[in-house]
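Colleague: I would like to go through this model and ask what stands behind each label. Please set each value against its definition.

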Amino acid sequence: MAISPPYTTRPHTCPHWWQRRWVRHGALVALLALAGLVILALVREQTGTRGFLVGLGLAVLPVPLLMAAFRWLDRVEPGPWRNLLFCFAWGACAAALMAIVANSFATRWIATATADPAAADTLGATVIAPVVEESAKAAAVLLVFLFRRRHFTGIVDGVVVAGVTATGFAFTENILYLGNAFGTDQLTGDSGLASVTAATFFVRIVMSPFAHPLFTVLTGIGFGIAALSAGRHRLRRALLPLCGLLLAMGTHALWNASASFGEYGFLTVYATFMVPSFGLLTWLAIWSRQRELGTVRAELPVYVMAGWLAPAEPHALGSMRARRIARQHAHRHAGKEAARAVAQYEAYATSLAFLRQRGRRGGAGADFAVRERELLDALWHRRDVTRPALDYASRATAPPAPVPVPPWGHPYRPYSAYVPHRRP
């Protein structure tokens, strides 16, 4: 445990220009922007301007709901917004561009080699597309895992990062499918519920908006379990993400192949596989979220004994209801800045609990002591504002104390009820 801030002496070196943070961030933004422009041009070329606008308007509908769901799941230790923006942009721009180019090239090559366009389309949808698309989406999860390791600590982080990436990918793909469906309706003159656009909207937006997030979340779970593994288990940390990626490819291939299983193949796969899988993964994500709260309650008492935290804080910080009450109490009595300080305190305390858990398991890095001291200092600077709010929240959410029972019986029964009656 941190007692005094550690000081390390490092030689002062001037980084090269390509090692500067603003250069790396600028190059990443430029790359994603360029990919976005290219994918925009490709989709517009295939759908036409009107089809693109219609597809865009319909494809955007499930995005806020999915993003809100993943953000809610990430409330215990919320990651920075820039990570989520990167993941969404990667899925919508870079991964979608790689998928369109690779799928088109592979399908055309197979059609030319076999002289069977129908078989090439089936093989491309069931084999090529799952491998290419899941690999492209997994690249974003890998980048966050490697370069934002501080914000990638467990299963919930893997689910959120993978789910947001897949949401961005599905957004672009839905624009393409809905735009093409609208173009088909323009040629055939169909409209209303009998149109191809309505059918495509029902299948992709109403029935299965979670399809792509469901596939890629399996990859994220693999990375999340690898993040929980101790540093000495290097083989396990390498194999778990690969296993998750293979599962994502397999489920994606099954979903794409369901249309070729006969008249009711799609509905059968949807009812017997997709819906149960979605329910199971939802339960796993919520269970992992509750497990994170349990980690907070289990790891923070040691800092109470050291004097860094108040005795009531582990209970309050380990309950989402108590956290919300603390923020509301601070906002009501001290304003918006105080509520923001309480939210920051909650996030720092959660990161501290996870850091200590990794340290106990042998998974902390060489900067454990430095990072621990940074988090403790951040908590200490906000203690004057946050401690009254957390104390109030702890008392408001504490379980009711048991009513003492007198030794002679139930407190609500009169004493005369225990006196034996005698006949006169």
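Colleague: Why is Trp255 called buried?

Modeller: Buried means under 20% relative accessible area, exposed over 50% and partly exposed in between, with a 1.4 Å probe and protein chains only. Trp255 has a relative accessible area of 12%, so Trp255 is buried. Keep in mind that this is a predicted model, in which local features need pLDDT of at least 70, side-chain atom pairs count only at pLDDT 80 or more, and totals for chains, interfaces and linings use all residues. Residues are numbered from 1 along each chain as its sequence is written, and side-chain values use heavy atoms, with hydrogens and water left out.

Colleague: What makes Trp255 and Tyr270 a tilted pair?

Modeller: Their separation is 6.3 Å centre to centre, with 45° between the planes, so both the pairing and the tilted label hold. This pair links Trp255 in helix α8 to Tyr270 in helix α9, 15 residues apart. Tyr270 has a relative accessible area of 16%, so Tyr270 is buried. The structure holds 10 aromatic pairs, and ring pairs also link Phe145, Phe152 and Phe223 into a cluster.

Colleague: Which residues touch the most other members of the largest nonpolar core?

Modeller: Phe152, Val159 and Met274 do, in a core of 60 residues. A nonpolar core is a set of buried Ala, Val, Leu, Ile, Met, Phe, Trp, Tyr and Cys residues joined through side-chain atoms within 4.5 Å. Leaving out residues up to four places away in sequence, Met274 touches Phe210, Ala211, Leu214, Phe215, Trp255 and Val269; contact means heavy atoms within 4.5 Å. A second, separate core has 25 residues, among them Ala316, Ala338, Ala349 and Leu375.

Colleague: Why is Thr172 called buried, and what does Thr172 touch?

Modeller: The relative accessible area of Thr172 is 9%, so Thr172 is buried. Thr172 is found in helix α5 and touches Ile39, Ala92 and Ala96, not counting residues up to four places away in sequence.

Colleague: What makes a space a cavity rather than a pocket?

Modeller: On a 1 Å grid over the protein atoms alone, a cavity is a set of points where a 1.4 Å probe fits but cannot get out, while a pocket is an open set with protein on both sides within 12 Å along at least five of seven lines; lining residues have an atom within 4 Å of a point. Grid points are joined across faces, edges and corners, and a volume is the space filled by probe spheres set on the points. The structure holds 4 cavities of 30 Å³ or more.

Colleague: What lines the largest cavity?

Modeller: The largest cavity holds about 120 Å³ of space, and its lining includes Trp287, Arg291, Glu292 and Phe354. α9 gives the most to this lining, with 5 residues. By class the lining has 5 nonpolar, 5 polar and 2 charged residues; Ala, Val, Leu, Ile, Met, Phe, Trp, Tyr, Cys and Pro count as nonpolar, Asp, Glu, Lys and Arg as charged, and the others, Gly among them, as polar.

Colleague: Which residues lie closest to the centre of the second largest pocket?

Modeller: The second largest pocket has a volume of about 1,200 Å³. Of its 39 lining residues, Ala125, Glu133, Glu173, Tyr177 and Arg204 are the closest to the centre. α5 gives the most to this lining, with 9 residues, and the lining divides into 20 nonpolar, 14 polar and 5 charged residues.

How values were computed. Helices (H or I, at least four residues) and strands (E, at least two) are DSSP runs, numbered from the N terminus. Rings of Phe, Tyr and Trp (its six-membered ring) pair if their centres lie within 6.5 Å; planes under 30 degrees apart count as stacked, over 60 as edge-to-face and the rest as tilted.
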